[in-house]
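Open your viewer and get ready to click along. We will go from stop to stop, selecting a few residues each time.

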Amino acid sequence: QVQLVESGGGLVQPGGSLRLSCSASGRVFSIYGMGWYRQAPGKQREMVATLTTTGPANYSDSAKDRFTISWANAKTTVNLQMNNLKPEDTAVYYCRADQYFGYDWGQGTQVTVVA
């Protein structure tokens, strides 16, 4: 349906910030929501933040007060501003596009938080 390209991951120190970006292409008209999910080693993939084209953002408890998800580029791009990063934020972060008839996932971008 759509292709998703993530960027912005990297290695940062605790307390630092990163801004992830996910750009969609293809049948972008079919997208009704996008979100960021993460999977740490030995853990299940979990929702971090989601956003619909017509509604408010949702955040996991760990993301609240630290992360902000937002649309850009006429809702073909979704960003995740991550502040006050902690070692437990270390994970592969995946972008997901929710569409009329299913989901598409990005390749993932690594976020590593370490001193």
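A residue is called buried when its relative accessible area is under 20%, exposed when over 50%, and partly exposed in between (1.4 Å probe, protein chains only). Before you start, note that this is a predicted model, where local features need pLDDT of at least 70, side-chain atom pairs count only at pLDDT 80 or more, and totals for chains, interfaces and linings use all residues. Residues are numbered from 1 along each chain as its sequence is written, and side-chain values use heavy atoms, leaving out hydrogens and water.

**Stop one: the disulfide.** Select Cys22 and Cys95, whose sulfur atoms lie 2.1 Å apart in a disulfide (a pair of cysteine sulfur atoms within 2.5 Å). The two cysteines are 73 residues apart, with Cys22 in strand E3 (residues 18–26) and Cys95 in strand E9 (residues 91–99). Strands here are DSSP runs of at least two residues, numbered from the N terminus. Cys95 counts as buried because its relative accessibility is 0%, and Cys22 is buried at 0% too.

**Stop two: strand E9.** Now colour residues 91–99. Eight of the nine residues in E9 are buried. Which strands does E9 pair with (DSSP finds at least two bridges between paired strands)? Strand E4 (residues 31–39) runs antiparallel to E9 over eight bridges, and here Ile31 stands opposite Gln99. E9 also pairs in the antiparallel sense with E10 (residues 102–105) over four bridges, and a hairpin of two residues joins them.

**Last stop: Thr50.** Select Thr50 in strand E5 (residues 46–52). Thr50 is buried, at 17% relative accessibility.

Key:
Pairing = 2+ DSSP bridges.
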